[in-house]
Amino acid sequence: MARKDVFGSVMGAGAAAAEVRDVANYAVRGASRSIMQSFEELSKSSVVDLDPALIDSSFVSDRIDDADDEFLELLAAIRERGQDSPVLVRPHPSAPGRYQTVFGHRRLKVARHLGRPVRAVVKNMDDKDHVIAQGQENAARADLSFIERTLFAERILKAGHSPETVKLALALDDTTFSKMRSVTSHVPEGIILAVGAAKGIGRDRWWQLAKLMERHENGLRAADYVKSADFSSLQSDIRFTRLFDFLSSVPNRARAPAKSQDRAWTPGDKSVRAKITDTGKIFTLALKSKDASTFGAFIADRLDELFVAFRESEQAKKTGD
């Protein structure tokens with residue numbers, strides 16, 4: 001499995017020119033000068049073999065899930081020719097004698113799987129430089145999906161770092177950072193993890209989903225929808241599409257029947273029966289019996305007169321008040 005390498009000459013004189021160019025790409029992607037200097041120092045650092053059991057994960061996770069095919073491809077490549085690119089670790093800030101991964105989590109996972117030491121460069125770094133280096137290495141490889149980068153950004157913020165650090169780590173412009181914040185503000189992490197990495201789903205589609213999730217009832221519907229076994233069995237991109245389509249549809253709701261007031265009227269001679277129905281918006285007068293037609297015509301011919309009388313009565317009520 002071909003990989004980009006930020007170490008350049010760590011691998012010696014045989015390092016590929018493309019890998020050297022990848023280091024330069026960090027400047028284009030917005031890496032800070034101090035981090036660039038750190039990478040230059042790393043290119044001159046010694047590579048050591050470490051026991052994977054002594055290395056913990058980064059304090060900020062940057063992946064939602066590992067694709068089995070990609071891991072198996074990397075596993076086969078390292079089993080065949082060894083680990084070409086070292087991982088970067090730092091001395092663990094709170095556990096003496098242990099290390100913390102800055103980047104190279106999958107290479108570390110392969111080493112554990114194969115029961116081999118992992119080739120690593122050890123670098124003293126504070127938390128800020130750690131997340132910037134981790135983010136920049138991921139940006140250079142460009143294999144994290146939009147939602148993985150978004151969740152990584154959110155976790156950096158929750159770890160107490162500033163928006164400026166996030167934008168530097170992930171080489172974000174203000175518009176993309178704003179949309180990322182909109183997504184994580186309205187789409188709970190549980191929903192994101194249920195959907196998965198969604199490699200083929202970009203920024204605008206996730207932002208549209210976030211707009212749908214602004215409605216409280218859609219949040220409840222989404223939480224129920226992603227729990228189904230059928231949903232979890234789908235490929236990640238399809239899970240996103242199914243959820244988006246589900247929330248875009250209007251749920252079927254039984255309409256409450258309109259409340260109506262019904263009454264009847266009959267004259268003393270029983271020649272007409274009137275059924276009156278009033279729903280508040282519709283008033284119906286239905287006449288039956290032998291004089292129904294002639295009495296109905298009599299009323300219809302006098303509607304103008306009756307309406308004038310109605311208006312005068314309404315005005316008299318207001319004046320009286």
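Here is a short chat about a few helices in this predicted model.

User: How do you know that the length of helix H13 fits its number of residues?

Analyst: Helix H13 runs over residues 236–248, which is 13 residues. At 1.5 Å a residue it should span 18 Å, and its end C-alpha atoms are 18 Å apart, so the two values agree.

User: What makes a residue of H13 count as buried, and which ones are they?

Analyst: Buried means under 20% relative accessible area. In H13 that label goes to Ser-236, Arg-239, Phe-240, Leu-243, Phe-244 and Leu-247. Looking down the axis of H13, you'd find these buried residues within an arc of 130°, so they line one face of the helix. They pack against helices H9, H10, H11 and H12.

User: Why is Gln-235 called a cap of H13?

Analyst: A polar contact needs a pair of N or O atoms within 3.5 Å. A side-chain oxygen of Gln-235 lies 3.0 Å from the backbone nitrogen of Asp-237, so the pair falls within that cut-off. The end being capped is the N-terminal one.

User: What makes H6 and H7 a packed pair?

Analyst: Helix H6 (residues 146–158) and helix H7 (residues 163–170) have their axes 9 Å apart, at an angle of about 145°. Their crossing is right-handed. Among the residues making the contact are Phe-152 and Ile-156 of H6, with Val-166 and Leu-170 of H7.

User: Which residues of H7 are buried?

Analyst: They're Thr-165, Val-166, Lys-167, Ala-169 and Leu-170. Just after H7 comes Ala-171, with a positive phi of about 55°.

Key. Residues numbered from 1 in each chain as written. Predicted model: local features only at pLDDT ≥ 70, side-chain atom pairs only at ≥ 80, totals over all residues. Heavy atoms only, no water. Helix = DSSP H or I, 4+ residues; strand = E, 2+ residues; numbered from the N terminus. Expected span 1.5 Å × (residues − 1). Buried < 20%, exposed > 50% of the residue type's maximum accessible area, 1.4 Å probe, protein only. Arc of directions from axis to C-beta. Contact = heavy atoms within 4.5 Å. Polar contact = N/O pair within 3.5 Å; in protein donor to acceptor, adjacent residues only side chain to side chain. Axes fitted to C-alpha atoms, helices over the stretch in contact; angles between N-to-C directions. Left-handed = near helix turned anticlockwise from the far one by under 90°.
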